[in-house]
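Here is a short note for a colleague who is opening this structure for the first time. Please read the points with the model on screen.

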Amino acid sequence: MRLYTRTGDKGKTSMIGGRVDKDHLRVEAYGTLDEVNSFVGQAMTLLTDERFQDIYAELQKIQHELFDCGGDLAIVNNKLPYKVTSEMVTFLEQRIDEYIKQAPPLEKFILPGGSPAAAAIHVARTVTRRAERCIVSLSKAEPINEIVLQYVNRLSDYFFAVARVINARLGVKDVEYERSAIVFRDKEER
């Protein structure tokens, strides 16, 4: 197998159903998801302690799902069945709900960081938000699997919840943004 094909030397790349410029919105969207996946892999190297077996396994599952998201975004002819499903979104929501219970109550914005592993997850979270913005731009220009957008939106929330749980399990306190108003309230308080 050769790693180089020379087919992209003129600034074009192959998609599922055609070729596009390498700076096409689709390429930007799935390329940013590839960045997310790389940061997830990097974070996983910091989560080898047995306290994080559940999170590690979920992150590995998410890495596969990020490939699914990228594959769905690479379809330019809308003729193939999509891989990303609403069940994947539901799984993230269930995990977020569970992790919220495991972390200390939160009222204010927090600074990204704490432990090295939580900081790495925060990097994945912020790149996920950038990917989401790219997908929104793409969705305004061309048809996409709308569930990918939902999944990526939920994924950034999942990363936020996971980063907080990692810090909590390590006994590292999140640092509140000192000029933050109270922005998080229980549903009953609203």
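At what angle do H3 and H5 pack, and how far apart are their axes? Point 3 takes this up.

1. **Basis.** This is a predicted model, in which local features need pLDDT of at least 70, side-chain atom pairs count only at pLDDT 80 or more, and totals for chains, interfaces and linings use all residues. Residues are numbered from 1 along each chain as its sequence is written, and side-chain values use heavy atoms, with hydrogens and water left out.

2. **Overall make-up.** The protein has five helices and two strands. Their order from the N terminus is β-β-α-α-α-α-α. Helices (H or I, at least four residues) and strands (E, at least two) are DSSP runs, numbered from the N terminus. Of the 190 residues, 40% count as buried. Buried means under 20% relative accessible area, exposed means over 50%, and partly exposed lies in between (1.4 Å probe, protein chains only).

3. **H3 and H5.** Here is the answer to the opening question. The two helices pack at about 25°, and their axes are 9 Å apart. Axes are lines fitted to C-alpha atoms, for helices over the stretch in contact, and angles run from 0 to 180 degrees between N-to-C directions. H3 and H5 are therefore roughly parallel. The cut-offs are under 35 degrees for roughly parallel, over 145 for roughly antiparallel, and 65 to 115 for roughly perpendicular, with the rest oblique. Their crossing is left-handed; that is, the near helix is turned anticlockwise from the far one by less than a right angle.

4. **H2 and H5.** Helix H2 spans residues 53–73 and helix H5 residues 146–170. Their axes come within 12 Å and cross at roughly 160°. H2 and H5 are therefore roughly antiparallel. H2 passes H5 in a left-handed crossing.

5. **A bridge from H5 to H3.** Arg154 and Glu93 form a salt bridge, with the closest N and O atoms 2.8 Å apart. Arg154 lies in helix H5 and Glu93 in helix H3, so the pair ties together parts that are 61 residues apart in sequence. From C-alpha to C-alpha, Glu93 and Arg154 are 7.0 Å apart. Glu93 is partly exposed, at 31% relative accessibility. A salt bridge here is a side-chain nitrogen of Lys or Arg within 4 Å of a carboxyl oxygen of Asp or Glu.

6. **A bridge from H1 to H4.** Glu35 pairs with Arg130 in a salt bridge, the closest N and O atoms being 3.0 Å apart. Glu35 sits in helix H1 (residues 25–44) and Arg130 in helix H4, 95 residues apart. Both ends are partly exposed: Glu35 at 32% and Arg130 at 30%.

7. **Other salt bridges.** How many salt bridges does a search of the whole structure find? The count is eleven. Among the others, Glu178 and Arg179 meet at 2.8 Å, N to O. Both Glu178 and Arg179 are exposed. Arg129, Glu132 and Asp157 are linked in a network of salt bridges.

8. **A nonpolar patch.** Which residues make the nonpolar surface patch of about 500 Å²? They are Phe109, Leu111, Val175, Tyr177, Val183 and Phe184. Patch residues have over 30% relative accessible area and no salt bridge; like charges are joined within 9 Å, nonpolar side chains (Val, Leu, Ile, Met, Phe, Trp, Tyr) within 5 Å. Areas come from the Shrake-Rupley method with a 1.4 Å probe; for residues, only the protein chains shown count as cover. Leu111 lies in the loop between helix H3 (86–102) and helix H4 (116–141). Leu111 is partly exposed, at 41%.
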